[in-house]
Amino acid sequence: MESWVNEHGAYGILPGVMSLTGTPFFLATIALAVVTVLLPLLLWSRVRGPAVVRGAVRMVMVVLAQAAAVLSVFVVVNNTNGLYDSWADLLGTGHHIVAAPDLGRDGLGDHKHPANEPKIVQDFSLTHDARMGRGVRVTQLRGRVSGVRGEVYVWLPPQYGQPAFRHRKFPVVELLGGFPGSAKAWFGSLQVQSQLRAGMRSGEIAPFILVEPRTNLLAGQDTGCANVPGVVNAESWLSVDVRQMVIDTFRAQSRASGWAVAGYSAGAHCAVKMALSHPDRYRAAVGLSGYNDPAAERVSLTGRDPELRRVNNPLWILRHAATPPSVALYLSGGRNDGYRDGLALRRAAAPPTRVVVTEVSGPHTIGLWKRQVPRVFRWLTAELSTYAGRVAPAKGI
């Protein structure tokens with residue numbers, strides 16, 4: 001087991017366990033597949049008894065071999081694409097909603113002035129998932145405002161621990177996965193920190209704190225990152241609780257000019273919607289292969305209700321904003337996979353809202369989004385005003 005002491009002197013320990021995405025379970029499924037394939041080869045002619053019994057036993061062996069093969073393929077697909085993070089997510093037995101009060105239009109409820117409330121300083125532990133690489137830390141956060149509880153993963157840039165930067169506050173990018181989706185996907189499948197580490201060291205890319213919170217909160221349903229009183233306050237979880245915790249626990253910038261949110265697929269819809277709804281919290285958003293209409297996701301909580309569907313559509317939010325939000329959007333996608341929705345947002349935008357739309361080709365997969373990571377973060381480096389232009393490189397690394 002590993003532990004990590006944060007700058008406030010707190011520490012935590014996270015033991016390794018046999019998990020859905022762990023190497024032990026993956027190897028076990030491979031071994032099971034091999035055994036169940038060899039079993040009928042070795043025993044087919046040795047089965048004894050009446051014809052009906054022999055046929056039944058042989059059928060069972062064939063079915064077991066097929067089931068084991070399907071299971072091993074599922075594990076590979078799941079680990080590659082970051083679909084389900086745990087058995088609880090897969091089976092729908094996780095409980096992440098403690099309460100879901102009506103928090104009003106701003107999603108703050110009675111917490112209008114978080115600076116006047118006790119700080120939310122969390123204990124973080126190094127993860128034990130080799131797929132996520134070095135330096136990723138995790139905590140279990142209980143949202144003070146949203147009534148949501150779940151894991152939040154954080155990666156700190158190379159400069160964070162250097163003496164020359166000890167008084168520096170760092171910009172933050174909140175990362176959102178698709179649906180179904182694991183809170184490990186950006187770190188594990190897109191390998192965001194591995195792709196960016198060299199650019200941060202050289203100063204080409206700003207030293208962002210990367211934050212990936214749980215977005216899979218309801219069994220079998222995509223929340224659309226929305227607040228639905230009595231059901232879930234997903235938007236407040238992401239834009240209030242997680243954001244405030246990062247500011248309180250780390251040397252993170254607190255103003256909107258130092259925050260961005262990025263997502264792919266359902267996470268892209270969320271990222272764009274949150275930035276347009278809360279320009280006081282985010283200065284920029286990135287949407288990869290996203291959509292405007294919540295009903296584009298078949299099991300969307302907001303897509304099934306006409307009013308929720310309307311008010312959670314980023315295009316509607318942009319068109320009905322009292323004043324154009326001061327945010328920059330970077331949107332990419334295929335012609336029928338996010339690009340046209342991006343063009344619609346660009347046509348509706350008026351200064352100071354700025355929208356960049358890029359057409360890309362490829363299937364709606366992790367591979368498409370993974371190769372866009374460096375380009376996206378160079379754009380974010382230029383957009384967040386505090387780090388516009390070339391940034392200071394990390395020394396001695």
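This is a predicted model: local features need pLDDT of at least 70, side-chain atom pairs count only at pLDDT 80 or more; totals for chains, interfaces and linings use all residues.
**Figure 1. The largest cavity and its lining.** The structure contains four cavities of 30 Å³ or more, and the largest of them has a volume of about 90 Å³. Its lining comprises 13 residues, of which Val272, Gly290, Tyr291, Asn292 and Leu331 are the closest to the cavity centre. Two or more lining residues are contributed by each of the elements α7 (266–277), β12 (328–333) and α10 (339–348). By residue class, the lining of the largest cavity consists of five nonpolar, seven polar and one charged.

**Figure 2. The second largest cavity.** Among the residues that line it are Leu176, Gly177, Gly178 and Phe179, together with Thr215, Asn216, Asp222 and Thr223. Cys225, Ala266, Gly267 and Cys270 also belong to the lining of the second largest cavity. Helix α7 supplies the largest share of this lining, with three residues. The lining divides into five nonpolar residues, six polar and one charged.

**Figure 3. The largest nonpolar core.** This core has 53 residues, and Ile209 and Val246 touch the most other members. The greatest contribution to the core, seven residues, is made by helix α6 (residues 234–249).

**Figure 4. Surroundings of Ile209.** When residues up to four places away in sequence are not counted, Ile209 touches Val154, Trp155, Leu156, Pro157 and Tyr160, as well as Phe170, Pro171, Val172 and Val173. Phe250, Arg251 and Ala252 are also among the contacts of Ile209.

Methods:
Residues are numbered from 1 along each chain as its sequence is written. Side-chain values use heavy atoms; hydrogens and water are left out. On a 1 Å grid over the protein atoms alone, a cavity is a set of points where a 1.4 Å probe fits but cannot get out, and a pocket is an open set with protein on both sides within 12 Å along at least five of seven lines; lining residues have an atom within 4 Å of a point. Grid points are joined across faces, edges and corners, and a volume is the space filled by probe spheres set on the points. Helices (H or I, at least four residues) and strands (E, at least two) are DSSP runs, numbered from the N terminus. Ala, Val, Leu, Ile, Met, Phe, Trp, Tyr, Cys and Pro count as nonpolar, Asp, Glu, Lys and Arg as charged, and the others, Gly among them, as polar. A nonpolar core is a set of buried Ala, Val, Leu, Ile, Met, Phe, Trp, Tyr and Cys residues joined through side-chain atoms within 4.5 Å. Buried means under 20% relative accessible area, exposed over 50%, partly exposed in between (1.4 Å probe, protein chains only). Contact means heavy atoms within 4.5 Å.
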